[in-house]
Amino acid sequence: MVNKKKNTQQEPVTRCGFVALIGAPNAGKSTITNNFVGSKVSIVSPKEQTTRTMVKGIGIYGNTQIIFLDTPGIFKPKRRLDRAMVASAWGGVGDADITVLVVDAHKGVDAQVEAIIDALKEKKTPAVLVLNKIDLIKKEKLLALSADLNERYPFEETFMMSATKGEHTDEFYAYLAGHLPESPWYYPEEQMSDMPLKLLAAEIVREKLFLYLQQEIPYELTVEPELWQRRADNSVRAEMTIYVQRESQKIIVLGKGGTMIKKIGQAARQEIERLLDDRIHLFLFVKVRENWGDDPARYSEWGLNFNA
């Protein structure tokens with residue numbers, strides 16, 4: 001993200017605030033966050049429900065520091081973890097200066113989008129609408145979708161973009177910068193996220209698990225950083241444990257002769273090194289821990305409410 005701050009003789013007024021991105025799973029909230037920040041701070045995957053906790057993506061636009069709250073996708077929860085994720089998403093709305101509903105324009109209005117709009121009505125929450133993935137839909141259908149959604153809810157503004165391609169994102173960022181409150185910046189100018197590096201690295205490992213593992217296995221595993229040690233040569237030694245719920249899942253994650261875990265480790269290491277701009281010695285272990293999704297300690301580490 002290019003800092004567009006201009007030099008003037010008088011110190012300009014600064015703005016700062018929180019923008020909650022809500023929407024159905026896989027609408028593109030994490031892609032928008034990463035696009036604005038200019039670096040990966042939230043993992044992305046073609047699979048739904050990738051984001052498990054609220055991630056802060058921090059960037060500068062002009063004299064404004066915008067703090068995106070990238071929330072988990074909102075869907076009908078079935079498990080304790082699902083309920084905690086949805087509660088985290090709505091909690092982000094409560095913390096935000098501006099709430100943004102992100103809709104996958106290609107998918108359009110489905111039951112999940114309808115449910116979110118109903119909740120916005122109930123909460124009487126002012127919101128901005130973003131139609132994302134416009135590169136996948138014809139213009140006439142896009143305009144009809146915009147009209148339909150604005151009939152369903154009085155959105156304060158509507159933006160149409162492709163976050164993946166970076167098309168028409170600037171208008172959206174400029175709007176946010178002009179509508180956040182006057183305030184000193186909350187974070188140092190160079191900071192991109194409040195997530196510790198070891199947790200972000202663990203999330204990147206989980207992203208690669210989503211990428212390489214088909215079926216439903218990624219939803220039944222978690223990644224925990226056990227060691228994060230900066231060495232004398234400035235490289236990092238990282239040890240992470242992938243917890244699965246059954247022995248059969250462990251076999252799949254490891255792959256024949258360890259081929260799968262090696263492939264996942266290589267992909268994760270390359271991306272983490274780009275993030276750190278330093279070498280990383282990454283060691284992955286796979287262990288079985290039944291019902292890890294019912295362990296309160298996991299929820300505390302993710303910033304989720306176990307009792308949601």
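Trainee: Which residues form one aromatic cluster?
Mentor: In this predicted model, the rings to look for are those of phenylalanine and tyrosine, and the members of the one aromatic cluster are Phe 36, Phe 68, Phe 159, Phe 172, Tyr 173 and Tyr 175.

Trainee: What parts does the pair of Phe 68 and Tyr 173 tie together, and how many residues apart in sequence are they?
Mentor: The two rings are edge-to-face, with 6.3 Å from centre to centre and 65° between the planes, and both residues are buried. Phe 68 belongs to strand β3 (residues 64–70) and Tyr 173 to helix α5 (residues 169–179), so the pair links parts of the chain whose separation in sequence is 105 residues.

Trainee: Which element gives the largest share of the lining of the largest cavity?
Mentor: The search of the whole structure finds three cavities of 30 Å³ or more, and the largest has a volume of about 80 Å³. Of its 13 lining residues, the closest to the centre are Ala 24, Ala 27, Asp 104, Lys 107 and Val 113. Two elements, β4 (98–104) and α3 (111–123), each give two or more residues to this lining, and the largest share, three residues, comes from β4.

Trainee: Over which ring does the charged end of Arg 289 sit?
Mentor: A charged end also sits over a ring at Arg 237, 4.1 Å from the centre of the Phe 283 ring. For Arg 289, the distance to the ring centre is 3.8 Å, and the ring is that of Tyr 243.

How values were computed
Residues are numbered from 1 along each chain as its sequence is written. This is a predicted model: local features need pLDDT of at least 70, side-chain atom pairs count only at pLDDT 80 or more; totals for chains, interfaces and linings use all residues. Side-chain values use heavy atoms; hydrogens and water are left out. On a 1 Å grid over the protein atoms alone, a cavity is a set of points where a 1.4 Å probe fits but cannot get out, and a pocket is an open set with protein on both sides within 12 Å along at least five of seven lines; lining residues have an atom within 4 Å of a point. Grid points are joined across faces, edges and corners, and a volume is the space filled by probe spheres set on the points. Helices (H or I, at least four residues) and strands (E, at least two) are DSSP runs, numbered from the N terminus. Rings of Phe, Tyr and Trp (its six-membered ring) pair if their centres lie within 6.5 Å; planes under 30 degrees apart count as stacked, over 60 as edge-to-face and the rest as tilted. Buried means under 20% relative accessible area, exposed over 50%, partly exposed in between (1.4 Å probe, protein chains only). A charge sits over a ring if NZ of Lys or CZ of Arg is within 6 Å of the ring centre and within 35 degrees of the ring normal.
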